[in-house]
Amino acid sequence: MKFAVLALVPVVLAHAEVRTMTLGEAVARAMKENPDLVIARFEQVKAQLGVKVARDPFVPKLYGGSGAAYTSGYPASINGSPPSIFEARTDMSIFNRQQSYGIAQARENARGAEIDVGRQQDEAAYRTAALYVDTRQTAQGLDVARRQIPSLEKVSDAVRARVAEGRELEIQNKRAALNLAKARQRLELLEADLEISERNLAVVLGFGAGDRVRPASEEPRPLTEIADSEESACEQAVQNSKEVRLLESRMQAKSLEAKGYKAARLPQVGLVAQYNLLAQYNFQDFFRRFQRNNGQLGMSVTIPLLVGSAPKAYAGQNEAELARLRTQIDQVRNRIDLDTRKAFLNLRRAETARTVAKLDLDVAREQLSILLAQSEEGRSGVGDVEQARVQENEKWIAYYDAQHTIERARLDLLRLTGTLTAALQ
């Protein structure tokens with residue numbers, strides 16, 4: 001068994017693939033192959049077919065067959081029909097108010113399934129974009145971490161030389177070694193995080209867990225569909241919320257179901273028709289006049305007299321469910337309003353933080369330029385220059401983090417306002 005498993009490893013690794021995609025390509029792929037979205041589309045197909053199932057009683061059906069039988073004595077009917085060489089019958093509903101409400105409910109369920117597909121599309125676009133920017137930010141941090149290692153190695157060598165010359169204490173040597181070890185540890189963690197992020201992105205896009213999707217080297221796309229003010233964002237979020245529309249669709253379906261239970265007391269009218277080709281030997285000894293071809297066409301009327309307590313109880317259950325859905329809709333609207341206000345404020349805070357991080361980065365770069373100039377004049381050492389490079393790299397990481405926070409804040413706000421998919425496509 002162990003040898004068999006080991007033999008399969010190269011086969012699995014051979015199928016694993018690293019794909020490089022832009023954000024637009026990743027979102028387009030998610031719109032087609034995201035597993036949750038594919039499942040939602042199957043549910044939509046089932047709901048659409050449910051309309052045909054509900055309409056079936058109003059569609060005429062034709063049944064044919066033979067009812068021939070040996071008869072001893074009077075030709076009694078079998079299963080409601082006389083013994084026949086061939087028989088055909090059909091029936092369909094003409095007026096059935098309860099079933100009509102069932103058809104309307106099935107159509108509303110299909111509309112709700114369509115809304116849910118749109119909701120899953122927005123969710124797939126958001127998850128794809130969020131994982132994409134997370135993966136890109138991790139890759140940027142990994143690149144900075146790799147650049148830090150040579151600088152810290154040079155700093156460690158310079159400190160070791162100064163300690164050997166007696167110009168620094170031994171504690172400085174240990175501190176430099178510690179900083180280098182921390183940088184290498186961060187590099188290992190970022191490499192592991194990048195692999196996990198790329199695999200998660202691949203799964204969201206419908207690839208296998210062994211595949212990886214790597215963000216392409218491109219400038220981040222500006223997301224310009226941001227609302228101008230907090231109030232307009234909240235209004236747009238509630239208006240475009242597919243979650244609210246889905247709950248409203250469910251409430252409409254429950255209302256139609258309740259009406260259907262109440263309609264159980266109404267009369268039901270159906271069309272019935274039947275044709276029989278009779279055998280003469282079954283009837284010649286009992287009837288003076290015989291006709292082989294016999295047909296009936298008419299209407300059946302059913303008037304419910306006592307329907308029991310179940311329809312009223314079912315209608316009461318649906319009324320309670322309608323009240324619950326109304327409360328849930330109000331709750332969802334309030335939550336969306338609060339989440340939108342919070343996302344709008346978070347975006348403003350992230351923009352301020354990025355401005356500060358950019359100024360901090362500019363100061364670090366200017367300081368490095370000064371030290372490089374002083375190094376050429378012999379007024380600063382290699383250790384000072386490399387330490388300044390390390391600090392500049394730290395500021396780059398902080399700036400990338402601030403930029404990543406802004407991108408996530410914009411994605412959150414666009415998701416809440418219902419404009420994310422349009423902004424990404």
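**Close-up views of a predicted model**

**View 1. Strands S5 and S6 pair side by side in the antiparallel sense.** Strand S5 (residues 268-278) and S6 are joined over ten bridges. Two strands count as paired if DSSP finds at least two bridges between them. Strands (E, at least two residues) and helices (H or I, at least four) are DSSP runs, numbered from the N terminus. Gln 268 stands opposite Thr 302 in S6. This is a predicted model, where local features need pLDDT of at least 70, side-chain atom pairs count only at pLDDT 80 or more, and totals for chains, interfaces and linings use all residues. Residues are numbered from 1 along each chain as its sequence is written, and side-chain values use heavy atoms, with hydrogens and water left out.

**View 2. Four strands form an open antiparallel sheet.** The order is S2-S3-S5-S6. Strand S2 (61-65) and strand S6 (293-302) stand at the edges with a single partner strand each, so one side of each has no neighbour in the sheet. On average, neighbouring strands are turned by 15 degrees against each other, direction ignored.

**View 3. Helix H7 packs with helix H8.** H7 covers residues 242-262 and H8 residues 310-376. Their angle is about 165 degrees, and their axes lie 9 Å apart. Axes are lines fitted to C-alpha atoms, for helices over the stretch in contact, and angles run from 0 to 180 degrees between N-to-C directions. H7 and H8 are therefore roughly antiparallel (an angle over 145 degrees). The contact of H7 with H8 involves 13 nonpolar, three polar and eleven charged residues. Here Ala, Val, Leu, Ile, Met, Phe, Trp, Tyr, Cys and Pro count as nonpolar, Asp, Glu, Lys and Arg as charged, and the others, Gly among them, as polar.

**View 4. The largest pocket has a volume of about 510 Å³.** A pocket is an open set of points on a 1 Å grid over the protein atoms alone, where a 1.4 Å probe fits, with protein on both sides within 12 Å along at least five of seven lines; lining residues have an atom within 4 Å of a point. Grid points are joined across faces, edges and corners, and the volume is the space filled by probe spheres set on them. Of its 20 lining residues, the closest to the centre are Glu 123, Glu 243, Arg 335, Arg 415 and Leu 416. H8 gives the most to this lining, with six residues.

**View 5. The second largest pocket holds about 430 Å³ of space.** H4 gives the most to its lining, with eight residues.

Note on methods: Angles under 35 degrees count as roughly parallel, over 145 as roughly antiparallel, 65 to 115 as roughly perpendicular and the rest as oblique.
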